[in-house]
Amino acid sequence: MEGEEEVLEPMSPSAQYLRSSALSLTIFGVLETEDHITIDASMAMSLLKDLFLPINYRFSSIMVTNKKGVRKWKKVEVNLEDHVNVPIFPSDMSVDYYDECFSDYLSQIAMEQLPQHRPLWEIHILRYPTKNAAGNIIFKLHHSLGDGYSLMGALLSCLQRVDNPSVPLTFPSRKPRTGLRTRRNQTLRRIPRIFTGLAHTAYDFGWSLFKSTLMKDDNSPIRSGIDGVEFRPIATTTTTFSIDQLGQIKSKLNVTINDVITGIITLGTRMYMQKADEESCKSKTTALVLLNTRAIGGYKSVDEMIKPNSDMPWGNRFAFLQVPLPKLTQSELLNPLDFVKKAHRMIKRQKNSAAVYLTGQLLSFIKMVRGHEATARHIHATLKNTSMAISNLIGPVEQMALANLPCKGLYFAVAGPPQSLSVTMISYVGKLRIAVTAEKGFIDQNKMKVCIEYAFEVIYKAALEV
């Protein structure tokens, strides 16, 4: 049809990888409300039409393949009724009952693929109280629409500050420590770092390639290793930590918040594994830590992200760091800070190597030679051969509201990776919300949460004694 090309927009390689026959990932953002939800389906559709759809053309587009076999975004008319869901549960039931209904509902929609004939997102409004909130709004978005940074930026453009809607939301500072002494030390260390960086790059890239193709983690209490694990039901539970307390650990150990979080998650995971099977504490277990590859200083507006050559562009801009979980020995149990220190050394070393860049070039090479489906299979193998994924986002410092409805909390989870366990985190109003998403019936997500909470307690207590 003549003129069809005018309504087709290019699709990034990563969008094609994340929506393929080999791999399909979906992000769930859960907005917990402070008050009973008064928004009905018609109000939701009005908000989506005025605020959400104009954010980015992808929210009004479907994936198509043109005559040359190239996949692109095609803008279509959006029937909002197809995208808004308001489930009905029995009335006048207990909070515990609705809490279970919410958990089952989230698990159910996580298993359902988004239809390809319409834009790849849905909104689910649950107007029933749970243990954590008066109501919940679930944003279900396909990962090909963007990564967590892009989609968080889109969500924030629909929300306002509770205390002053005319003032933009602000985010925790990530300014690096500077000073003459620091700069002088960096200059003196630069030359030897070049040589160690080259050695680390060679080792890390080779090990990453080996892990993606030949070497699998051991089956364990957190890795079932079955084919098709991505199609199994999942269950999600959450817990909350104080950002100030995490900051105290960070300052005491002179590490980053990411190091502290990774250390807590890996220690808690090893504790869960040991409780389930004592022999598994020695098993070969690897976590994929997802890193945003933008130079982040806070979220940009959507208008800034979609500008050509933006320094913080829209899309999927992330990379994997493969972090082996330290073995849990009696020494580590007596010195829990070792888990944070080991996470710090491993992440710092991999960040200073060019392995992440080379891995990105490898994916581009595979796409060029064998196409995006082969590239998606490579990413699938990388995920499947490891045991768990860890990712985090920065949220706003101030409380926010949607249509004058205050947001009590928020968290996100990812469905579709070929792994039995993932841990996702987001900060909000001085708290870090951690979501544990696990293969249902294989991992006890509540016991895993308790182990992570205990790991935080022992690491925090040990840090204060330093």
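**Figure 1. A salt bridge joins Arg161 and Glu398, with 3.6 Å between the closest N and O atoms.** A salt bridge is a side-chain nitrogen of Lys or Arg within 4 Å of a carboxyl oxygen of Asp or Glu. Arg161 belongs to strand E8, whereas Glu398 lies in the loop between strand E12 (388-393) and E13; the two residues are 237 residues apart, and the pair links distant parts of the chain. Helices (H or I, at least four residues) and strands (E, at least two) are DSSP runs, numbered from the N terminus. Both Arg161 and Glu398 are buried, a term that means under 20% relative accessible area, with exposed meaning over 50% and partly exposed in between (1.4 Å probe, protein chains only). Arg161, Asp163 and Glu398 are linked in a network of salt bridges. The model is predicted: local features need pLDDT of at least 70, side-chain atom pairs count only at pLDDT 80 or more, and totals for chains, interfaces and linings use all residues. Residues are numbered from 1 along each chain as its sequence is written, and side-chain values use heavy atoms, with hydrogens and water left out.

**Figure 2. Two further salt bridges, Arg232 with Glu439 and Asp104 with Lys440.** The closest N and O atoms of Arg232 and Glu439 are 3.2 Å apart. Arg232 is in the loop between H5 and strand E9 (234-242) and Glu439 is in strand E16, so the pair ties together parts that are 207 residues apart in sequence. Arg232 is partly exposed, with a relative accessible area of 36%, whereas Glu439 counts as buried at 3%. In the pair formed by Asp104 and Lys440, the closest N and O atoms are 3.7 Å apart. Asp104 is in helix H3 (residues 95-111) and Lys440 in the loop between strand E16 (431-439) and helix H13 (445-464), 336 residues apart. Asp104 is partly exposed at 39% relative accessibility, as is Lys440 at 37%. The search of the whole structure finds eight salt bridges.

**Figure 3. An open sheet of seven strands has the order E5-E6-E7-E2-E14-E13-E8 and mixed pairing.** Strand E5 (84-85) and E8 stand at the edges with a single partner strand each, so one side of each is left without a neighbour in the sheet. Two strands pair if DSSP finds at least two bridges between them. Strand E2 (residues 26-33) pairs with E14 in the antiparallel sense over eight bridges, and eight bridges also join E2 to the antiparallel strand E7 (residues 135-142). Leu31 has Leu410 as its bridge partner in E14, while Gly29 stands opposite Phe139 in E7.

**Figure 4. Strands E13 and E14 form a hairpin with two residues between them.** Strand E13 (residues 400-402) pairs with E14 in the antiparallel sense over two bridges, and Leu402 stands opposite Leu405 in E14. In the turn, Ala403 has a positive phi of about 50 degrees. Ten of the eleven residues of strand E14 (residues 405-415) are buried.

**Figure 5. The largest nonpolar core has 54 residues, of which Leu31, Phe59, Trp121 and Met400 touch the most other members.** A nonpolar core is a set of buried Ala, Val, Leu, Ile, Met, Phe, Trp, Tyr and Cys residues joined through side-chain atoms within 4.5 Å. Not counting residues up to four places away in sequence, Trp121 touches residues including Leu48, Phe52, Phe59, Val78, His83 and Lys140; contact means heavy atoms within 4.5 Å. Another core, of 45 residues, lies apart from the largest one and has Ile249, Ala287, Met425 and Val458 among its members.

**Figure 6. Contacts of Thr286 and Pro172.** Thr286 is in strand E10 (residues 286-292) and counts as buried at 1% relative accessibility. Leaving aside neighbours within four places in sequence, Thr286 is in contact with residues including Trp207, Asp217, Gln322, Pro324 and Met388. Pro172, in the loop between strand E8 (160-161) and helix H5 (180-213), counts as partly exposed at 35% relative accessibility. Not counting residues up to four places away in sequence, Pro172 touches Ile394, Gly395, Val397 and Ser427. The C-alpha atoms of Pro172 and Ser427 are separated by 8.9 Å, although these residues are 255 residues apart along the chain.
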